[in-house]
Amino acid sequence: MFSIERIPDCEGSTIKLGVVEEGYTAPWPVMAEQSIRVLNLKFNSNDIILAGYAKSGTHWVWEILSMLLKGRAEPAQSTKEMLMFSFGTQEGFDEIPSPRIFNSHAHYSGMPYVLRPNVCKAKIVYLLRNPKDVCVSFYHHLRCAKDFDYHGSWNGFYSLFIQGKLPGGSWFDHIVGWQEAIESTTDSPILPVFYEDLKQNCTYQIKRMSEFLGFNYNNDFFEEIAEKCKLENMKANDQKLKKQYPIHTSEDGNNFIFRKGIVGDWKNWFTVSQNEEFDQITQKRLRGTNVKFQYSIDDKQNFQN
Ligand code: A3P
């Protein structure tokens with residue numbers, strides 16, 4: 001069962017969500033029904049999956065993976081949405097030859113059944129970003145993308161985030177579910193990659209992903225990819241693709257995918273009390289997992305995983 005609902009924030013502004021089941025919402029309102037079909041999608045073991053909660057930098061990493069797969073540091077001629085589980089159909093995906101780079105913002109439990117361990121060994125790159133920057137980035141995204149019909153304030157949005165009443169559901173549940181999957185399987189082909197690490201040493205993270213995927217390239221190529229995938233270069237390429245794929249730009253011309261691209265923008269938005277409350281919630285909700293996040297680029301005490 002699924003339904004399109006208007007969910008109020010703490011100030012009464014509403015957001016339009018596709019509710020799949022209690023506590024789980026689709027990444028896009030009209031995609032609620034598709035989220036159920038996603039579970040039965042089939043693909044091949046040599047396909048690559050990019051998973052991560054929305055606003056974690058998935059467009060950036062998808063572009064990096066595309067270049068690694070092609071063996072050339074050339075920008076993609078289509079957008080990652082073409083290979084997003086929740087945007088396509090089995091028939092449409094079958095027309096694209098493997099290996100393909102599928103991507104999804106779904107919780108682990110919302111991923112296709114074939115990804116369960118020992119069924120399909122497709123390798124998964126799992127992208128994470130500190131939740132305060134995710135929250136701010138998602139706020140801008142949802143106010144720009146008209147399908148969600150959200151016009152609330154920062155305070156209102158903050159209340160939705162901590163309750164997990166958002167497209168794709170709760171960030172906290174997303175992390176817990178994926179961490180359980182990573183930590184419970186010894187031969188799990190899942191590589192965690194952190195946005196903050198990419199910001200600090202993109203070339204090294206590209207090398208890690210390349211080795212994980214079994215490619216054999218040299219450092220010059222990783223540096224070339226890091227350069228081509230800098231925010232300003234990706235933004236410029238997106239401008240070119242905009243006519244064909246207008247989904248990244250709001251009606252007033254703002255690009256809500258390639259925005260600031262920094263670590264620590266949350267400091268411009270969180271109040272002191274929101275920050276304290278958020279830390280407590282994060283600590284409580286992630287208790288039992290080994291995951292740690294960096295909230296600013298020099299935040300070395302949190303730099304572990
Ligand atoms: P901000 O809104 O904080 O700027 P996603 O692709 O998962 O929707 O994530 C979008 C976020 O990743 C945005 O964050 C965007 O600016 C950032 N991003 C996209 N490409 C990037 C790049 N090449 N370098 C750094 N950040 C990037």
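**Exercise 1.** State how much space lies in the largest pocket and which residues are closest to its centre.

*Solution.* About 810 Å³ of space lies in the largest pocket. A pocket here is an open set of points on a 1 Å grid over the protein atoms alone, where a 1.4 Å probe fits, with protein on both sides within 12 Å along at least five of seven lines. Lining residues have an atom within 4 Å of a point. There are 47 of them, and G57, T58, H59, I257 and F258 are the closest to the centre. Helix 4 gives the largest share of the lining, six residues.

The model is predicted: local features need pLDDT of at least 70, and side-chain atom pairs count only at pLDDT 80 or more, while totals for chains, interfaces and linings use all residues. Residues are numbered from 1 along each chain, and side-chain values use heavy atoms, without hydrogens and water.

**Exercise 2.** Find which residues of helix 11 are buried and where they fall around its axis.

*Solution.* Helices are DSSP runs (H or I, at least four residues), numbered from the N terminus. Buried means under 20% relative accessible area and exposed over 50%, with a 1.4 Å probe and protein chains only. Q274, N275, F278 and T282 of helix 11 are buried. Seen down the axis, the buried residues fall within an arc of 95°, so they line one face of the helix; the arc is taken from the directions from the axis to the C-beta atoms. On the other side of helix 11, V272, S273, Q280, Q283 and K284 are exposed.

Terms used:
Helix = DSSP H or I, 4+ residues; strand = E, 2+ residues; numbered from the N terminus. Points joined across faces, edges and corners; volume = space filled by probe spheres on them.
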